[in-house]
Amino acid sequence: MVDVRRVTLPGVGVLHSFETADGAEVAVVAHRTGSSDLVSRPAGARDDDDAVTVRLDEEEAHTLAELLGGTRIVESIAELDELPGVPIDWMTVDEGDAIVGRPLGEVPAASGVAIVAIVRDDHAHPSPGADFVVEPGDTVVAVGPTELIAEVFRVMNDGMSRGAEA
């Protein structure tokens, strides 16, 4: 297990850092403004001049987290896909999807389909209520018959009512 050091930086944000197996230091400064600094110092370096810093805006930081496996919750859900008799699927909500900025209760219900969680960033919201507002980047997790899950996700994407022809 990696030992992560956390330091509060008054007026700035929070620093999280750890040392890699080869002795390099990796740190993230999460600024109160929403931006983040990714800092790397090679193994054996003792001077701050040896550190490399990359400033990331909030969207870039989320993208990097995704690339590095930040949504381990979704990866764990993938393992459930193999449970016999329990069809489960998920979709990532994109900026242009009809459900963006709207509560889940506006999605026509499909008998036998349950929205069991919304994953936002690295946090799961289990059994979200009808008033839960969906945002771009959310992952919607549903359980039910495969064809009905697909229909619910189609409605979330394009906004057509259930049963309407495309």
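User: What share of the residues score a pLDDT of at least 70?
Analyst: This is a predicted model, so confidence comes before the fold. The chain averages a pLDDT of 80. Over residues 162-166 pLDDT stays under 50. The share scoring at least 70 is 85%.

User: Which pattern do the helices and strands follow along the sequence?
Analyst: The chain holds three helices and nine strands. Read along the sequence, they give β-β-β-β-β-α-α-β-β-β-β-α.

User: What percentage of the residues count as buried?
Analyst: The chain exposes about 10,400 Å², with carbon and sulfur atoms supplying 54% of that area. A residue is buried when its relative accessible area is under 20%. Of the 166 residues, the buried part is 29%.

User: Which strands stand at the edges of the open sheet?
Analyst: Four strands form this sheet in the order E6-E9-E7-E8, with antiparallel pairing. Each edge strand has a single partner, so one side of it is left without a neighbour in the sheet. The edge strands are E6 (88-92) and E8 (123-126).

User: At about what angle does helix H3 run to E6?
Analyst: Helix H3, residues 146-158, lies across E6, E7 and strand E9 (139-143). Its angle to E6 is about 15°.

Key. Residues are numbered from 1 along each chain as its sequence is written. This is a predicted model: local features need pLDDT of at least 70, side-chain atom pairs count only at pLDDT 80 or more; totals for chains, interfaces and linings use all residues. Side-chain values use heavy atoms; hydrogens and water are left out. Helices (H or I, at least four residues) and strands (E, at least two) are DSSP runs, numbered from the N terminus. Buried means under 20% relative accessible area, exposed over 50%, partly exposed in between (1.4 Å probe, protein chains only). Accessible areas come from the Shrake-Rupley method with a 1.4 Å probe; for residues, only the protein chains shown count as cover. pLDDT is the predictor's confidence in each residue, from 0 to 100. Contact means heavy atoms within 4.5 Å. Two strands pair if DSSP finds at least two bridges between them. Axes are lines fitted to C-alpha atoms, for helices over the stretch in contact, and angles run from 0 to 180 degrees between N-to-C directions.
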